[in-house]
Amino acid sequence: MTVALLISLRMSLTVSLLVLIFISGVVAQDGWAVHYNPKYICALNGSTVTMKCMYRYLVIDSSQNSFWSTIRSSDEDLLNDPYYRDRVQYHGDQQQSTLRLMNVTEKDQSTYHCRYKDDRFRGRYRDRGVDLSVTDLQVEVPERVIEGDKVTLTCKTTCSLTVQPTFTWYRNGRYLSSSTDQLHLQPVSRKDAGRYRCAVLGQDLRSPEVTLNVRYGPKSISVSISPSGKIVEGSSVTLTCSSDANPPVEYNWIKGTTIVGKGKTYTMKEISSVDSGQYKCRSSNEHGEKLSEALTLNVLYPPKSISVSFTFSGETLEGSSVTLTCSSDATVQNYTWFKEGESSPVGPRKSYSFIVDSKSSGWYYCLAQNDHGSIKSAAVPVIIKEYSIILYVVVGVGLCGVATLIAVVFLMNKKMKKKRTMEEDDQNVDPNAKDDTYTALDPVSRSSDDLYNTLATVNKNGD
């Protein structure tokens, strides 16, 4: 029973020792041991990794008898595997063996072991080896970014890299001055939008590009007109609005205070004079809106209406100044004044001024003209009142019938006295009232026409 107890105790100690050896990564067999450093490697896709195994064995030269294998190579030497052959290098001495594996890919992910070519040790041990994981670089960006936010881009891997490299960043292919795995944009602006990638400094190891989309309201807005130059009534005109914003904006066209159109372009076919005015474009999205400067649209058209006005100093008498003025609803390049009955123009401007003489009497009209047509006004009369006629009549009467005129005045005066005698008996009669006959001959109280008619009548009766 004592013997059985000793045997059982010895087996328990052996098993415990083996468990401790495997947990620590050490494999022992007949007085020799193997250690791996490191036991786990996380490497970047395309990089080079180095694995080491350290051992104690004084008989075999490891530089000639050690090799590396993996499950993929069926525990055979990697140098004999066409998949690894051109990417593997061994280095070693009596204390260690080193495997250098270049340009690793995800297919290289496995557990690697160091082995000996001596047949005495083949298959006599199983070690834990070195676990290799391969990862790519990936840039992590926030899903929704608004201008003014604090944004951090992170260069990430699926495993923790065994060797921490120095990172660098690129935007739209251009180098950025950052050397860590994070890029801080605080605050972010619309100028920061673009394609980003991270990379390992000094190595051709780069992440795929990712796009940073920065959202913002309209920042600038401009309007244009096509065709450019003069706009003639009846033609087709297109207004175009451009705006810098993200996401895309909605466009509204405004004339005065009224929305007249929607969309990036606003087309007016067969434009008319009523379309003249100031137009503005309003661009808006969920982050804001902006109004453009006013665009003035001046539609050219032929004169459609015309009017004439006139001014004069005092009555329209010989020697007076008269000004005739012509006006039109359109932009007029030439105004020309004509007098009916004459073939040549009398005035080349909008206003025509002249001094009245015996030849000025007549009918005048204006012609308004531009590149698109012309229009003629109605004729207006200029009539001259000649006071000199009265003078001629008075002189003629004095020379030819002065006696008759005196007789007429005497008879009228006698009649007036008789009438006054009769009116004195009437209490309702105003004693200050004047006789109509004197009034008729009074040049102060009568107009020139009235005086002329009176004298003409008297002269006729005298004849």
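This is a predicted model: local features need pLDDT of at least 70, side-chain atom pairs count only at pLDDT 80 or more; totals for chains, interfaces and linings use all residues.

Me: What percentage of the residues count as buried?
Reply: The figure is 34% of the 463 residues in the protein chain.

Me: How many helices and strands are there?
Reply: The protein chain has six helices and 34 strands. Of its contacts between residues at least 6 apart in sequence, 58% join residues at least 24 apart.

Me: What is the mean pLDDT?
Reply: The mean is 77 for the protein chain, and 71% of the residues reach 70 or more. Residues 9-30 have pLDDT below 50, and that stretch has 24 contacts in the model beyond near neighbours in sequence. Residues 423-463 are also below 50, with 25 such contacts.

Me: Switching to S47. Where is S47 found?
Reply: S47 lies in the loop between β3 (40-44) and β4 (49-55).

Me: Buried or exposed, and why?
Reply: S47 is buried, because its relative accessible area is 10%, and the cut-off for buried is under 20%.

Me: Which residues is S47 in contact with, neighbours within four places aside?
Reply: Those are L101, M102, N103, V104 and L205.

Me: And what does the side chain of S47 reach?
Reply: The S47 side chain reaches the backbone oxygen of L44, at 2.6 Å.

Key. Residues are numbered from 1 along each chain as its sequence is written. Side-chain values use heavy atoms; hydrogens and water are left out. Helices (H or I, at least four residues) and strands (E, at least two) are DSSP runs, numbered from the N terminus. Buried means under 20% relative accessible area, exposed over 50%, partly exposed in between (1.4 Å probe, protein chains only). Contact means heavy atoms within 4.5 Å. pLDDT is the predictor's confidence in each residue, from 0 to 100. A polar contact is a pair of N or O atoms within 3.5 Å; within protein, one must be able to donate a hydrogen and the other to accept it, and residues adjacent in sequence count only if both atoms are side-chain atoms.
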